[in-house]
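Dear colleague,

I am passing on the structure below, together with notes on its pocket, its core and its aromatic rings. Please read them alongside the model.

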Amino acid sequence: MVFENIRNLREDHDLSQSTLAAYLHICQNTYSQYETERRQIPINVLIQLAQYYDTSVDYLLGLTNETRAYPRC
């Protein structure tokens with residue numbers, strides 16, 4: 001599952017889908033569809049999630065196992 005890290009981060013932080021949906025200004029159902037890959041996550045949402053969790057978009061997408069965010073330029 002491509003977006004497994006997104007679900008795992010949410011659960012590791014003891015957050016509900018509703019809490020993150022409110023942070024992202026979207027419906028809970030929309031957020032649920034992101035986690036289950038029934039809907040593509042827009043780039044701006046990926047960026048918001050990476051900033052929220054202080055990680056990289058690469059980690060959210062499962063392209064790396066490194067959870068630390070990259071240094072900012």
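The largest pocket has a volume of about 200 Å³, where a pocket, on a 1 Å grid over the protein atoms alone, is an open set of points where a 1.4 Å probe fits, with protein on both sides within 12 Å along at least five of seven lines, and where the volume is the space filled by probe spheres set on the points, which are joined across faces, edges and corners. This is a predicted model, in which local features need pLDDT of at least 70 and side-chain atom pairs count only at pLDDT 80 or more, while totals for chains, interfaces and linings use all residues. Residues are numbered from 1 along each chain as its sequence is written, and side-chain values use heavy atoms, with hydrogens and water left out.

The lining of the largest pocket (residues with an atom within 4 Å of a point) consists of Ile47, Ala50, Gln51, Asp54, Thr55, Ser56, Val57, Ala69, Tyr70, Pro71 and Arg72. Helix H4 gives the most to this lining, with three residues; helices here are DSSP runs of H or I with at least four residues, numbered from the N terminus. By class, the lining divides into six nonpolar, three polar and two charged residues, with Ala, Val, Leu, Ile, Met, Phe, Trp, Tyr, Cys and Pro counted as nonpolar, Asp, Glu, Lys and Arg as charged, and the others, Gly among them, as polar.

Tyrosine 52 and tyrosine 53 form an edge-to-face pair, 5.2 Å centre to centre with 85° between the planes (rings of Phe, Tyr and Trp, the last by its six-membered ring, pair if their centres lie within 6.5 Å, and planes under 30 degrees apart count as stacked, over 60 as edge-to-face and the rest as tilted). Tyrosine 53 is buried at 9% relative accessible area, whereas tyrosine 52, at 34%, counts as partly exposed.

With best regards

Methods. Buried < 20%, exposed > 50% of the residue type's maximum accessible area, 1.4 Å probe, protein only. Helix = DSSP H or I, 4+ residues; strand = E, 2+ residues; numbered from the N terminus.
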